[in-house]
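Please look through the model below before reading on.

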Amino acid sequence: MELFGKVNIDWLGKKWYFLAFSLIFSVAGIISMGIHWSQIGSPLLLGVDFKGGTQVKVKFEQTPDINRIRQAVSAAGIKDASVQPIGDFNQAGGNEMLISLPEQQDEASLDLGRQQIVSALRNFYPNPFKDSDVNVDVVGPTVGKQLESKAFWATIYSMAGMLVYLWFRFQLIYGVAAVVACFHDTLITLGAFALTSQEISLTVIAAILTLVGYSMNDTIVVFDRIRENLRLSRRESLPDVVNRSINQTLSRTVLTSGLTFLTVLSLYIFGGQVLRGFSFALVIGILIGTYSSIAVAAPMLVAWQEWRAKQGKAVVLPAAKRARM
Amino acid sequence: MKKNLTNKIIGIVAVLLVCLWGIFGASKGVTGAALTEGLTKRIHLGLDLKGGAHLILQVKVGEAIFAETGNTAGRIQQDLQKAKLTYSQVYVPDQAKPETIRVEGSPAASANAVETLLDSKYGSIYNVASGSDNSFTLTMKPLQLAALDKKTVQQAIDAIGDRVNALGVSEPVIQEYGLGKDQILVELPGVDNESDIEKIIQGTNRLEVHAVVGGPYKDEQSAAASLGGSLPPEDELKTFTGVIGSGETSVYVLQRQYIVGGQDFRSADPGIDQNTGRREVSFTLTNEAGDRFYEYTSKNVNHSMAVVMNDQIKEVANIENPIRDSGRITGAFSQDEVMALSKLLSTGALPASLAPLERRQIGASLGADSIQKGVTAAIVGVALVMVFMLIYYKGSGVNADVALFLNLVILLGIMGLSSALSGGASALTLTLPGIAGVILTIGMGVDSNVLIFERIREEVRAGKAPAAAVDQGFAHAWVTIVDTHVTTIVSAAILFMFGTGPVKGFAVTLTIGLLANLFTAVFVSRVIFDAHLNKLQPGEPLSI
């Protein structure tokens, strides 16, 4: 069975459509981040991991009543608590409620909030739950700040690490094009989180780093083929080589992203609430990561060489290096 | 031309067997229950799957420094008295800068003598600077300060370790948390019980004995009024709650620097006073603290001292006789407090109090829920991919499926082996994002196979014979596979270095999975292809 026989699509001829597509989604994401910024002072909704705060997740033995929990919590004198159900009560493993308090400057009062919530539920709400059915997250502002900067630097370092590797294996411009494509993917994925008002947690950061790796993976497959074709046929123009390389790897690209998408989709559907943010980032990321290697990274290579040609400089071809390790 | 594959096949089977041993151990049988038992012993689950508590605690090192400089201030006073040098006060002026001691009120004539004394006796640990009004400022040297800081954090880690052992928690993690200064990470697998965790955090209570300067007063205002409106920097106000439940409180003025406290206690036992029926704790002090306590109590017979716990006065007692290294504290303790206090004192008190910065509790059954969902997602994902590969690549699809399956076996096998070989000490743990890492590994594993197969198809289309097509396909795809794997391992390694807890688990499974994949998708898959080619009749096409 084969999905693609011989394809002959002029990908580079569509670069203005690609540019428009990427711009629309990037700009939509940026505008949405701007709106968040003006409302909450942060471009993205940060989860308790980064922002700090108190969250208590309880799985009740019977179907809980959200209004009565609200009453119980306020009867205990807790202010500003938000109560929300998790998932579907009718499903197996339902009956879960998330009660959260906003961030506080004072670490001691965060922990106090946790105690108050648990005792309010025990004393004012007659729906029993076991110790083993309670999840608690109390994160102070200090730790949240530490994590925030750590996540930021981890992303920067991992991109830099990959840039250096590609520089070593190909040429600097290949590394730059691949990193720009990754940046593009990260921006659009974060934009999707802003547009859908979903919270960024620590696991979402892991997902974003994963998608950076995945997008890089996809870009390298195309670049490898470009390098190989450049070595074989020196007389062909660069746009033709790039087009041919994308077409040659197209069936692989579609198959791999399709299959990875399948596994990530099963994670999204069956993985439960805890992994929802993680799998959402990957579902978006795999689609956009595949797109970007064809529509961002490859055209950037060509644009760079055309710009150099206009400057009267020699076209730099990486084919001189032997590709075999 | 047929290739001899016997050695390679033996190698692959050996790897498979070692990994199976890694996963299940020497299972008692091949029944489901025995295998599950072996599996749960070998594969270490992270807190998010097993349930447990995760704490990040800030050690208030300033308190330990304050205690040290306070002691030094006391010694300076003694030295100055012995040398018959005049001074008005020696004290630590600012609790926010506990490393600084002030010596004030020396007359101009003896200022030089004071400076010489300070330099010769304390110059090795403190920088001595003289001020304009014949006052002196001693600041602890940065090197000494750093050493004290390190020692304090280590003592706190040891003390928490004792307490955790007393609770009987298996495989706890208690270590310095590298992200911030003076922070400790505590992980207690399987502990989801509120009161057990409280015991460790409430262990931050400290017991101290302070000298009473004045009191009792009705409240803080009247205490301040009696002092002429302002509290001297070396003193502090503390509340005495009196008999539990009586609701009566009074305020005392205490010397800020304690006489004995924290690590000075060697052991303690709970008990009940025979005469009054009140709860008491009998204690013994360390030798050094005993000497200090004796010196103080013999000088201050008929003065009062206050027993302070958790910033509240528990008892005010009159010193009737000098006390050396053992005594009894009878006070307004609750039963729980007496028990907690004696346990605390005998397991080594904390050098400084702890503030929880982060606290996460994962209920064990919620963790089990997550495992079930994660595993379901992984199985569904793998099954879908395997079925698709069979349909799309026919005979070669079997090849890819074997490679995928082997990849998972090796991944779990290495995690199991890490636990078996290190005796559980440095076992790699499986976390919820770790399961996600497994799923991603499946995706990348499939990618390697797809790359190779598509390339072989291309070569076949170009008219190459099966053996040459397989050869070329592997050769070309190998370059790409190395590049993609190295880049992803680079980013996974960075995640491993910078990530914490669950994210680290993700990096672990992803890295092992990718390494296993280099073996299965390239080496194992090649062997299976070669075996297939050996059986192929001349002219028969490759099933791909």
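## Burial in chain A

A residue is called buried if 20 or more other C-beta atoms lie within 10 Å of its own, exposed if 12 or fewer do, and partly exposed in between. In this predicted model, buried residues make up 47% of the 325 residues in chain A.

## Overall form of chain A

Chain A holds nine helices and six strands. Its radius of gyration is 25 Å, which is well over the 20 Å that the globule rule gives for 325 residues, so chain A is more spread out than a compact globule. Along the principal axes, the C-alpha atoms of chain A fill a box of roughly 80 × 45 × 35 Å.

The domain assignment divides chain A into domain 1 (12-42 + 143-320) and domain 2 (53-139), and the centres of these two domains, taken over C-alpha atoms, are separated by 40 Å. Among the contacts in chain A with a separation of 6 or more, 78% join residues 24 or more positions apart.

## A sheet in chain B

In chain B, four strands form an open, antiparallel sheet in the order S3-S4-S6-S5. Strand S3 (89-91) and strand S5 (126-130) of chain B stand at the edges with a single partner strand each, so one side of each has no neighbour in the sheet. From one strand to the next, the twist averages 15°.

S3(B) pairs with strand S4 (residues 100-104) of chain B in the antiparallel sense over three bridges, and Tyr91(B) stands opposite Arg102(B) in S4(B). Helix H5 (residues 111-122) of chain B packs on the sheet, where it touches S4, S5 and strand S6 (136-140) of chain B, and the direction of this helix makes about 170° with that of S5(B).

Methods. Residues are numbered from 1 along each chain as its sequence is written. Chains are lettered from A and ligands numbered from 1 in the order in which they are written. This is a predicted model: local features need pLDDT of at least 70, side-chain atom pairs count only at pLDDT 80 or more; totals for chains, interfaces and linings use all residues. Two strands pair if DSSP finds at least two bridges between them. Helices (H or I, at least four residues) and strands (E, at least two) are DSSP runs, numbered from the N terminus. Axes are lines fitted to C-alpha atoms, for helices over the stretch in contact, and angles run from 0 to 180 degrees between N-to-C directions. Two residues are in contact if their C-beta atoms, placed from the backbone, lie within 7 Å. Domain bounds come from an automatic or database domain assignment. The radius of gyration is taken over C-alpha atoms; the globule rule is 2.2 Å times the number of residues to the power 0.38.
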